[in-house]
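Here is a briefing on side-chain packing. Please keep the sequence and the model in view while reading.

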Amino acid sequence: MDTVQISFGVVVTLVIVALLFDFMNGFHDAANSIATIVSTRVLKPHQAVIWAAAFNFLAYFLFELKVAGTIGKGTIDPSIVDHYIIFGALVGAIIWNVITWYYGIPSSSSHALVGGLVGAAIAKAGIGGLISSGVLKIIAFIFIAPLLGFLIGGALMVIVSWICRDMAPRKVDKHFRRFQLLSAAAYSLGHGGNDAQKTIGIIWMLLIAAGMSTSQDHIPSWVVFSCYSAMGLGTMFGGWRIVKTMGNRITKLNQPRGFCANSGGAITLFMATALGVPVSTTHTITGAIAGVGSTRGARRVRWGVAGGIVWAWILTIPCSAAMAAIAWYLGRLIL
């Protein structure tokens, strides 16, 4: 990646915008971590967001930065990256997040950011500015991640139902209230470990373009700490408009089902993060919830609600890309 002339003030401004996006990512996706434990009344909302935020941050100590590497070096050609592309990508992603949060649509912050990078890169260099293998892998996991969540969540529900077949329902609920806390913690770890790294990758791209780091260097520790902290704070403020959709409208959850949904989502996120694949926590938990609900029969899942969410998934990358392309043009005028 060739360095470009970027003033220190512009770098600082874009780092702040990136951390704002990271905060919004936590805010927007908080429902993914807390919807099940809130809807099943395991924790009150304010307790749930603190629980989720704590484990979002603890992911800082547990995961390698493979996802950050994919975002930083595997989506668009590093040689075209400059401050205009970073600005366009972040602004496009933020605008899409605000729109979907306002209307309570559980869309993907991750894919909004990827769409932002794609749109800004195409605006500058055309299709040739993309690394097709990286972009196609991310697009493939739009379908693979929810499918894995669906299969793992459903399989866990079958196993739990078989193990607990002779237990009194009240006793089952009592035990799974505790287990659900653990599964929500695991999911929040996976959420932090995958999602915070996407912003880490963006800031790293900026620092390399500005000549403040190189692709051979370790990612600066202050970048990693800041991104995990911003995501945790965003989760604490919570995107309440989306909680109802995730917690009740797809299928009705109780403690065992909530445990299986969170566990299925967490396992999927751990696998994706280990592979360095940026996936959508929204897609993952939606698939897991639908998988758990389907074990009681297809009619137990509100497929119309799920279908509406899928449309949001399909539209996220092209819509955020279009907004990022416009923001790229504006960035050239104001930065």
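Predicted model: local features only at pLDDT ≥ 70, side-chain atom pairs only at ≥ 80, totals over all residues.

Residues are numbered from 1 along each chain as its sequence is written, and side-chain values use heavy atoms, with hydrogens and water left out.

**Aromatic pairs**

- Rings of Phe, Tyr and Trp (its six-membered ring) pair if their centres lie within 6.5 Å; planes under 30 degrees apart are stacked, over 60 edge-to-face, and the rest tilted.
- By this rule there are twelve aromatic pairs.
- Trp51 and Phe55 form a tilted pair, because their centres are 5.0 Å apart and their planes stand at 55°.
- Both sit in helix α2 (residues 45–58), four residues apart, so about one helical turn separates Trp51 and Phe55. Helices here are DSSP runs (H or I, at least four residues), numbered from the N terminus.
- Trp51 is partly exposed at 29% relative accessibility. Buried means under 20% relative accessible area, exposed over 50%, and partly exposed in between (1.4 Å probe, protein chains only).
- Phe176 and Phe179 pair edge-to-face, with 5.2 Å between centres and 85° between planes.
- These two are three residues apart in helix α7 (residues 169–209), so they are about one helical turn apart.
- Phe176 is buried at 6%, whereas Phe179 is partly exposed at 39%.
- Ring pairs also join Phe57, Tyr60, Phe61, Phe225 and Tyr228 into a cluster.

**Charges over rings**

- A charge sits over a ring if NZ of Lys or CZ of Arg is within 6 Å of the ring centre and within 35 degrees of the ring normal.
- Arg165 lies over the face of Trp162, 4.3 Å from the ring centre.
- Arg332 lies over the face of Tyr84, 5.1 Å from the ring centre.

**Nonpolar cores**

- A nonpolar core is a set of buried Ala, Val, Leu, Ile, Met, Phe, Trp, Tyr and Cys residues joined through side-chain atoms within 4.5 Å.
- The largest core has 59 residues; Ile76, Ile86, Leu90, Ile200 and Ile202 have the most contacts inside it.
- Helix α7 gives the most to this core, twelve residues.
- Ile202 touches Ile71, Ile86, Leu90, Leu113 and Leu117, leaving aside residues up to four places away in sequence. Contact means heavy atoms within 4.5 Å.
- A second, separate core has 21 residues, including Ala145, Met157, Ala261 and Ala272.

**A loop residue**

- Leu253 is in the loop between α9 (240–249) and α10 (255–275).
- Leu253 is buried, at 7% relative accessible area.
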